[in-house]
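Here are some notes for a colleague who is opening this structure for the first time.

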Amino acid sequence: MRQPILRAKNLVKRFSVGRSSSYVNAVNGVDLTIHRGEILGMVGESGSGKSTIGRTLLRLTDPTEGLIEFDGRDITSLSAKELRPLRKDMQMVFQDPWSALNPRMKIGDLIAEPLRIHLKLSEPDLRDRTELLAKKVRLSTEFLNRTPSALSGGQLQRVCIARAIATNPKLIILDEPTSSLDLSVRAGILELLMELREETQAGFLFISHDLGTIKLISDTIAVLYLGRIVELVPKEALFNEPAHPYSQSLLSAHLPADLDAPIQRLILEGEIPSPIDLPSGCSFHTRCPAAVDVCKTATPQPELIAQNHHVSCLRLKDGGNILSRQQA
Amino acid sequence: MNLLKITDLQTHFVFHDIDNYRREARALNKVNLNLNRGEIVGIVGETGAGKSLTAQSICGLLRPPAKVVGGSVLFLGKELLSLAEEDLNDIRGAEIGMVVQNPKSSLDPLTRIGDQLVRIHQTHTASAISVARSKAIAMMHAVGIPDPEKRFSAWPHELSGGMAQRVLIAMALMNEPKLLIADEPTTGLDVTVQAQILELLKDLVRRFEMGTIIITHDLGIVAHYCDKVAVMFAGEIVEYGTVTDIFRRPGHPYTKQLLASTPEKLKLNEAGSLGGQPPDLFNLPEGCLSQDRCSLASDQCRTPPPVITLETGQTVRCHFALQ
Amino acid sequence: MPPSVTHQLTWPRRTANRVRGLSRLSPTAAAGVVIIVCFGVLALFSEWFMTHDPVSSYPDRILQGPSYEHWFGTDGNGMDIFSRVIYGAKFGFGIAIPAVIIAVLIGIPVGLIAGYRGGALDEILMRIFDGLRVFPSIILALAVVAATGQSLLNVVLVLGFLDSPVFARLVRAEVLALRSSNFVESAIAAGNPTWRILFFHLLPNTIQGAMAQTAVRAAWAVRISATLAFLGIGIQAPTPEWGAMIRQGAEFMVTGQWWVAIFPGIALIFLVFGLNLLGDGIQDILDPRRRASK
Amino acid sequence: MVLPLLIGVVFVTFMLVRVGGLDPVGLLAGPTATAEEFTMIRKDLGLDQPLWKQFLIYGGQVIQGDLGESWLSNRPVLEDITTRSFISLELLFWGIGLGAAIGIPVGLRAAFKPNGRFDQVTRIISLLGFSIPTYWLGLVMLFVFFYLLGWAPPGMGRISLMVSPPQFVTGSYLIDGLIEANWEAANSALTHLILPVLCLAIVSAAPIIKQTRAIALEVIASDTVRYARACGLKIKTLRAIVFRNSATPIITFVGTEITGLVGTMSLIEYVFAWGGLGQYGLNAIVRGDFTAVQGYVLTLALFSVLIFLIVDIVVAIIEPRSQLN
């Protein structure tokens, strides 16, 4: 069994909206565990709270409820100051590399920044480490004296990754690291990430809305809908036999760029409800083809249906599998 | 006669920089494209390849400093590039319908949905308000807006993203155009909603027999919703043909690269990643524009590549298309 | 010529090109700079230009119209208006520059901290700034100068202080925008202490917007200080300050001795105009959309 | 939101006048006063009480609508302010009205052809408008139109001394004169109004032109207008869309401008001896008339709050997105 590096229990995050007393229920009770050497993929549409989860886990925003345990230590209520030394071991890569780097700093300083903060190194050592990092992410060292404006999106994302791995962290959260990049650049970044996983044995949380990417890179996948994990499942199992009706529709809405890929259209009605007014009971009942009355009142709990495969659905046993029902 | 025939369309950005040098970015370089009625053509390419710029050049919607500097766009035999703004206005919204990327910010926030539909109809036809109104309601029904009579008086800000995109489609179809241009029609939408919109578009295009251009960066959309595909690179269409031909037997090295880097085809840690920079539009290389990131590139590529038609009918702009 | 060629030019050519480029981008900024430089020369080297002593009175030449001896005529005290107008440039710069520096020195740190820290401090500061906005700036300046003492130094301090909210607001707004932008979050995630975030990440990225405002704020300071003097608060006649000179000439406007008030007014307009031109031009250069359609 | 602002304003002005360098006692007593006279006057004015007590007393009076008496003229401040407010409003109303009537269309037209000749010219003119000192402009106008040409009356008040002013209805001599068909009064009021109103209009039009242009340019660059062009809408329709979408920010801007214009107006009143609230306030500040300054400042704050409220209501009416609808 691999060593868990991060554990979250019943994570809840609400944002107040404006002056009124209404809240955006971004995250509504999420349990998850990330192990070292594992890539946990998290997939969901807008409003599913996936970015918020990533930021909350690293305490970039404070959770409303719940418990976060990093490397065996409860970090839920540590102060910003107490967290600072821990940040050496937990890092993040953001979606938009153009805005994730200070436009007025040189690339070399940007990569060296975490080293400078967390390790007391002499200037020549610092320079050596910086160059080493640049090489590791396959970034030409001539860029080290340039500012971010001189680099392309893919190169900038490599800089972000170099920053993230600079201090050999035990956990790296990647928030849509490839979605703003072009296809051909994306591939290079994904390759780099796979390589780093082998090398560093860090735990990874890979957040994305794109099933194709998630499929490529993850070991385990968490499917998110309106701030809840509806299915937590090993990769193969999700793509072979998705159990939750939402996972099934997500899979069927995905368009692989492949003429031979079988596509089975299961098009959901309507759109994702606003996280301000969460539907009662199972949040998916408003769009679920298999929903019955009980779904409107009872909140489904995760059930273990196969090894490492958890599903939160009240209709699992009778009629939940809408895909197979359609085929029948 | 082709519905749309684009020949050697060239669009440049021309301006003076801070050091008083005249800079010229060659954003579109000799774009050639033919489109027939009832066809759905996907234009794919990466950021900066000139996909949206092509659409804007066709309709005369460029913003300075972008400027068409050469070529021709024949729409039903009529040269669009030389039309005056007023004459273009008679075509835009009437014979050419547009669906754009940000439906919510594109609708006029101070006019009710129904009134916007009526407005576009009355601008281009002499029909009475009652006729326009019933047509609007029929069209809202056709694009799957529930309860059209009620939604007729809805404000744009009351709509969800998907609903707003349906309204835009209804707007585009109000005057039964012959050509529909959809510029990244589903980019801002969620996957489950994207599926709804694409199904709707495909259905309507078949029903109204429109020629359609879908601009997208998503090869999945092209594979499943388009008849033909034009692959753009650095302001050029490097390959054009039916989706089946191109996806099965891509002729241009860049198309091959592109198809190989989709998540479905990507084999991690196998072939070295292609990467490479898009060429500098201010300083394009002589000859083939993709020579810097092409594994086949040789001295020959310093001369402009010919456009070669393969036996399947797809056209490829490459010296080595036949090999 | 492609930009790479730029590096091979000698610096005078490069600078000349840059100047030509800037003046093509914004002719208004260029015109503004020309005007400001002219006044700067007048202020620094006024002794070279003045034909008379600005505060010597010639009792036999009271209220004389423009003549060869007195180009702009003489005022009610028999002083040479031309020399007084030239000398007045010293006050324009002498008040505007330190006032703007004070405003920047107070406003930027306040805006940085309020924007980054947020919370009660920010709330209170914003309420105070909102409260100040209820009053016309001239009334506020007048009341504060009148209440706290009427020296030249005090005028400078009060103008600088009253203008600092402009910079604080500006910087705060940019900090708020940046705080939610990724690079600040990424700096926090990297483990940066607060002072590093403020100085290395926020300050360099907010200062440009604030600096772009300095010309317009200097114009404001010149205008308000002259207005105070016109109302007889702060600088008093016969100090050769433009506002005070207009005050001296006000009563003569309805009796026909126009030159007393007209000339200092024109000088005042030109300096403020130059500063406004520059300010407007800087906005043009910084905001590409404003010059998009050339 | 409004209440704490007003309390804050009362408090700050109170502190400013008390703790500041002004000494009304010295002013009132004159240079030859003895120490006993000083104490007497201090006691008279209530200045012998501790500061917090003074503030509570003053605050209590304000709540009851009593702004106290002017320390210099012994007249009730509230009464002075009320009558003079109407006098100022006449000037402000016509001035800002004319300024907006010039500024908005000019700004829009400049935005429709950015960097065209019209835009270039208006831009220079509006920057010049930013730079002209109001009082100087007023003086030059008096010189030209009164002294040189003799077209305008001297800058003394709102109506000729030879004409009896009309009955109070709206407070505007011009309108009141027209209402009671007193043509002589209306005519005299009009001729007195023209120069100061023109001055105010010129000064207020400059920022309105600049801001309207900026707002309209932003709207023109928006997705909405680009899409409207893609729909082939006629140029007239496009302009209507631009205008309507610019309306809210323009109105909001003009609202904030009005507040700022009160200062400009005060200077114009000063030059033209208009006798309104602005002149009253300037005099009170310059002479150190505590109670009058406090009342004046409070009135300005109330006035601003009122303007913001009106702007909010207008915006709520024209904006479908506002929460009131």
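1. In this predicted model, 15 residue pairs are in polar contact across the interface of chain D and chain B, counting pairs in which both residues have pLDDT 80 or more. On the side of chain D that touches chain B, the elements that give two or more residues are helix H10 (223-230) and helix H11 (235-272) of chain D, and the largest share, six residues, comes from H10(D). By class, that side of chain D has eight nonpolar, five polar and seven charged residues.

2. One salt bridge is found across the interface of chain D and chain B: Glu85(B) pairs with Arg229(D), with the closest N and O atoms 3.4 Å apart.

3. The contact takes in 20 residues of chain D and 28 residues of chain B, and the area buried between the two chains is about 2,300 Å², with carbon and sulfur atoms giving 50% of it. Of the area that chain D buries against chain B, Arg226(D), Tyr227(D) and Arg229(D) supply 30%, which is more than any other three residues.

4. Turning to chain A, strand E1 (residues 4-16) and strand E4 (residues 65-70) run antiparallel and are joined by five bridges; here Ala8(A) has Ile68(A) in E4(A) as its bridge partner.

5. E4(A) also pairs in the antiparallel sense with strand E5 (residues 73-74) of chain A, over two bridges, and Phe70(A) has Arg73(A) in E5(A) as its bridge partner. E4(A) and E5(A) form a hairpin with two residues between them, and Asp71(A) in the turn has a positive phi of about 55°.

Definitions and conventions. Residues are numbered from 1 along each chain as its sequence is written. Chains are lettered from A and ligands numbered from 1 in the order in which they are written. This is a predicted model: local features need pLDDT of at least 70, side-chain atom pairs count only at pLDDT 80 or more; totals for chains, interfaces and linings use all residues. Side-chain values use heavy atoms; hydrogens and water are left out. Contact means heavy atoms within 4.5 Å. Buried area is the accessible area (1.4 Å probe) that two parts lose on being put together, summed over both. A salt bridge is a side-chain nitrogen of Lys or Arg within 4 Å of a carboxyl oxygen of Asp or Glu. A polar contact is a pair of N or O atoms within 3.5 Å; within protein, one must be able to donate a hydrogen and the other to accept it, and residues adjacent in sequence count only if both atoms are side-chain atoms. Helices (H or I, at least four residues) and strands (E, at least two) are DSSP runs, numbered from the N terminus. Ala, Val, Leu, Ile, Met, Phe, Trp, Tyr, Cys and Pro count as nonpolar, Asp, Glu, Lys and Arg as charged, and the others, Gly among them, as polar. Two strands pair if DSSP finds at least two bridges between them.
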